[in-house]
Amino acid sequence: MTGATNGSCGNNKAGSCTTGNQGPSLSNKGFETRAIHAGQSPDQWSSGIVVPPIHMGTTFKQLGPGIHRGYEYGRCGNPSRNSLEQCIANLDNAKYAIAFSSGLATISGVCALLKVGDHVICGDDLYGGSNRNFAVIGTDRGLEVEFVDTTNVDLIEKAIKPNTKLIWIESPTNPTLKISDIPRIAALVKAKNQGILFAVDNTFFTPYLQKPLDLGADIAAYSLTKYMNGHTDVIMGAITTNNEEIRKRITFILKTMGPVPSPFDCYLVNRSLKTLPLRMDRHVQNATEVARFLENHPLVERVIYPGLESHPQYNLVKKLSRGPSGMITFYIKGDFKTSTAFFDALKIFTLAGSLGGCESLAELPLKTSHEPIQEELKQKLGINENLVRLSIGLETAADLIDDLDQALKIAAAAS
């Protein structure tokens, strides 16, 4: 057990009683090596077991009143969670990672850093739950929230006010896959010199494809539910940061509000991170083949995929990341009847929300992931009855293409 402390869960207001992340160890090793070994040393466990054990206990024996081995109570820290956090921090070139019970819980945790009257700038194209968290929960607790197109840095600069304290973006966005120039936004925030936090939701790219902290962000946020777990069996989130003050405040918020993940789920995500680079490479390979097929299909009006030269930020994607991920959005020609016929005809793709798993999923964001957002914003972003979102899985690419082809033909006949 590394970094043990003698702090108290009940009294340590500056942070939590988890053992501290050690910063990027194995920093001279490849991503694949770090995904398997960071935070996973058998020397941490008295048994020498090669993979981290699952610590399901809720409390820990104290050596004396207020004296412990680094863990006191499960909400404040757990060896399984600490192992996962060390691995995530390492993969994101971060000093610290903090795991939450869900991706949306990470947003709540970051927003808890703010106070009534603070101004928040959000990307206009966010996951529906994220939009609702800011637009409803945030405004209800007194935050001033403004949505802008963050692909246009000039619009961000115009939106900044003296009370702006947070800029929150997704890159790529969900579902229209817009890419923001993270280094330019980071430079703008730094130049303003007014204590603005810049957070990037990096869920679609993961640390394997893009590292927001290296590009200048203060916080990288993740729904670990998606690619980083990648097996459609865990709900969890995390943030990474290099800022010690952010770490102290967020860990205090986490232990006080209590949205902590279970040790078993931490074990599962730790397991999944070992294959993250292999899976992401296959997601990218499959998605690129599927996107090229769709781009030439007569029933497809337009394909949005950051790996296609037709994407408006194609060159920026190549500059900031090592690949375009596995998400594709496209507009099907026709109407709601056409879209419904397409979904009904799919055999390998499953009509379901979420993304990033081994299996391929399809959804109509208008009726699922983005149903909660404001109607005016849906119209502005083009989230309509023809917009289809695909999460490309790890199946044989030719089988995915065949499935889409037959479903599109059936949809064309039905329209």
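Modeller: Let's start where H2 meets H9: Ser80, Arg81, Ser83, Leu84, Cys87, Ile88 and Leu91 in H2 touch Pro263, Cys266, Val269, Asn270 and Leu273 in H9. Contact here means heavy atoms within 4.5 Å, while helices (H or I, at least four residues) and strands (E, at least two) are DSSP runs numbered from the N terminus. Keep in mind that this is a predicted model, in which local features need pLDDT of at least 70, side-chain atom pairs count only at pLDDT 80 or more, and totals for chains, interfaces and linings use all residues. Residues are numbered from 1 along each chain as its sequence is written, and side-chain values use heavy atoms, with hydrogens and water left out.

H2 and helix H9 (residues 263–273) pack at about 35°, with axes 8 Å apart. Those axes are lines fitted to C-alpha atoms, for helices over the stretch in contact, and angles run from 0 to 180 degrees between N-to-C directions. H2 crosses H9 in a left-handed way, meaning that the near helix is turned anticlockwise from the far one by less than a right angle (clockwise would be right-handed).

Now zoom in on Ser80, which sits in helix H2 (residues 79–91). Ser80 is buried, at 2% relative accessible area; buried means under 20%, exposed over 50% and partly exposed in between, with a 1.4 Å probe and protein chains only. What surrounds Ser80? Leaving out residues up to four places away in sequence, Ser80 touches Pro53, Ile54, His55, Pro263, Cys266 and Asn270. Met56 lies 24 residues from Ser80 along the chain, and their C-alpha atoms are 8.5 Å apart.

A search of the whole structure turns up 0 of them, a disulfide being a pair of cysteine sulfur atoms within 2.5 Å. For Cys358, the nearest cysteine sulfur belongs to Cys87 and is 17 Å away, and Cys358 is in no disulfide. Cys358 is partly exposed, at 25% relative accessible area. Cys111 is buried at 5%, and its sulfur is 7.3 Å from the closest cysteine sulfur, in Cys122, which is too far for a bond.

Next, strand E1 (residues 96–100). All of it is buried, 5 of 5 residues, so the strand is largely enclosed by the rest of the structure. Tyr96, Ile98 and Phe100 are on one side, Ala97 and Ala99 on the other, and both faces are covered. In a regular strand the side chains alternate between the two faces of the sheet. E1 runs antiparallel to strand E7 (residues 237–241), joined by 5 bridges; DSSP has to find at least two bridges for strands to count as paired. Ile98 has Ile239 in E7 as its bridge partner.

Finally, helix H6 (residues 182–192) has the buried residues Ile182, Ile185, Ala186, Leu188 and Val189. Seen down the axis of H6, these fall within an arc of 160°, so they line one face of the helix; the arc is taken from the directions from the helix axis to the C-beta atoms. Exposed Lys190 and Ala191 are on the face of H6 turned away from that buried side. Part of the cover over the buried residues comes from elements including helix H5 (153–159) and strand E4 (164–170). Just past H6, Asn193 has a positive phi of about 50°.
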